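Subject: Structure handover

Hello,

Here is the structure you asked about. Please keep it open while you read the notes below.

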Amino acid sequence: MSAPTRQVLGTVDEIPLGEGRVYTVGEEQVAVFRLTDGSVRALGAVCPHAGGPLADGLIDGSVVVCPLHNNTFELTTGCSPTGQPSVPSYPVHVDADGQLVLG
Ligand code: FES
């Protein structure tokens, strides 16, 4: 799975604080999470356990909890403390104009 190239996804305001949204970037589905401190994280959007939608998961501290079977994934690394394969993690930031920039 290759890293997406630098791309503006939209404005950060499209993601409510404490939630995630999924974006299609090339062939990839990328889940972007906006934490309550205003920072953003980006992971592969598809849970490797059984394909659950990680963007719909609850954020619990430093992890997102898959809504289907509650496996967790670190928001920074994509590693799974509950023993699943990792999901990819991507660099993402908010620029001075409030645009969400992946890559
Ligand atoms: S599909 Fe994500 S934990 Fe099962």
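Which side chain does Asp13 meet in a salt bridge? Asp13 pairs with Arg34, at 3.9 Å from N to O. A salt bridge here is a side-chain nitrogen of Lys or Arg within 4 Å of a carboxyl oxygen of Asp or Glu. Side chains of opposite charge can pair when their charged atoms come close.

Before the rest, some notes on how to read the values. This is a predicted model, in which local features need pLDDT of at least 70 and side-chain atom pairs count only at pLDDT 80 or more, while totals for chains, interfaces and linings use all residues. Residues are numbered from 1 along each chain as its sequence is written, and side-chain values use heavy atoms, with hydrogens and water left out.

The salt bridges

The pair Asp13 and Arg34 links distant parts of the chain, 21 residues apart. Asp13 sits in the loop between β1 (7-11) and β2, and Arg34 belongs to strand β3. Strands (E, at least two residues) and helices (H or I, at least four) are DSSP runs, numbered from the N terminus. Asp13 is exposed, at 61% relative accessibility, whereas Arg34 is buried, at 16%. Buried means under 20% relative accessible area, exposed means over 50%, and partly exposed lies in between (1.4 Å probe, protein chains only).

By the rule above, the count comes to 2 salt bridges. Glu19 and Arg21 form one of them, with their closest N and O atoms 3.3 Å apart. Glu19 is partly exposed, with a relative accessible area of 35%. Arg21 is also partly exposed, with 32%.

The whole protein

The protein has 10 strands and 0 helices. Its radius of gyration is 12 Å, close to the 13 Å that the globule rule gives for 103 residues, so the protein is as compact as a globular protein of that length. The radius is taken over C-alpha atoms, and the globule rule is 2.2 Å times the number of residues to the power 0.38. The C-alpha trace spans about 40 × 30 × 20 Å along its principal axes.

Of the 103 residues, 41% count as buried. The protein exposes about 5300 Å², and carbon and sulfur atoms supply 50% of that area. Accessible areas come from the Shrake-Rupley method with a 1.4 Å probe; for residues, only the protein chains shown count as cover. Among contacts between residues at least 6 apart in sequence, 39% join residues at least 24 apart. A contact means heavy atoms within 4.5 Å.

The UniProt entry, which is unreviewed, carries the annotation "domain: Rieske" for residues 7-101. UniProt positions are given in the numbering used here, feature names are shortened, and annotations may be inferred rather than shown by experiment. Over residues 7-101 the chain is 43% strand and 0% helix, and the end C-alpha atoms are 6 Å apart.

The sheet around β4

An open sheet is formed by 4 strands in the order β2-β3-β4-β8, with antiparallel pairing. β2 (19-25) and β8 stand at the edges, each with a single partner strand, so one side of each is left without a neighbour in the sheet. Two strands pair if DSSP finds at least two bridges between them.

Strand β3 (residues 28-34) pairs with β4 over 5 bridges. Phe33 has Arg41 in β4 as its bridge partner, and Val32 stands opposite Ala42 in β4. β3 and β4 form a hairpin with 5 residues between them, and Gly38 in the turn has a positive phi of about 90°. On to β8 (residues 89-90): 2 bridges join this strand to β4, and Leu43 has Ser89 in β8 as its bridge partner.

Why is strand β4 (residues 40-44) largely enclosed by the rest of the structure? Because 4 of its 5 residues are buried.

Two single residues

Thr72 lies in strand β7 (residues 72-74) and is buried, with a relative accessible area of 13%. Leaving out residues up to four places away in sequence, Thr72 touches Val63, Val64, Val65, Cys79, Ser80, Pro81 and Thr82.

Pro67 is placed in the loop between β6 (63-65) and β7. At 37% relative accessibility, Pro67 is partly exposed. Pro67 and Asp56 are 11 residues apart in sequence and 6.6 Å apart in space, C-alpha to C-alpha.

Regards
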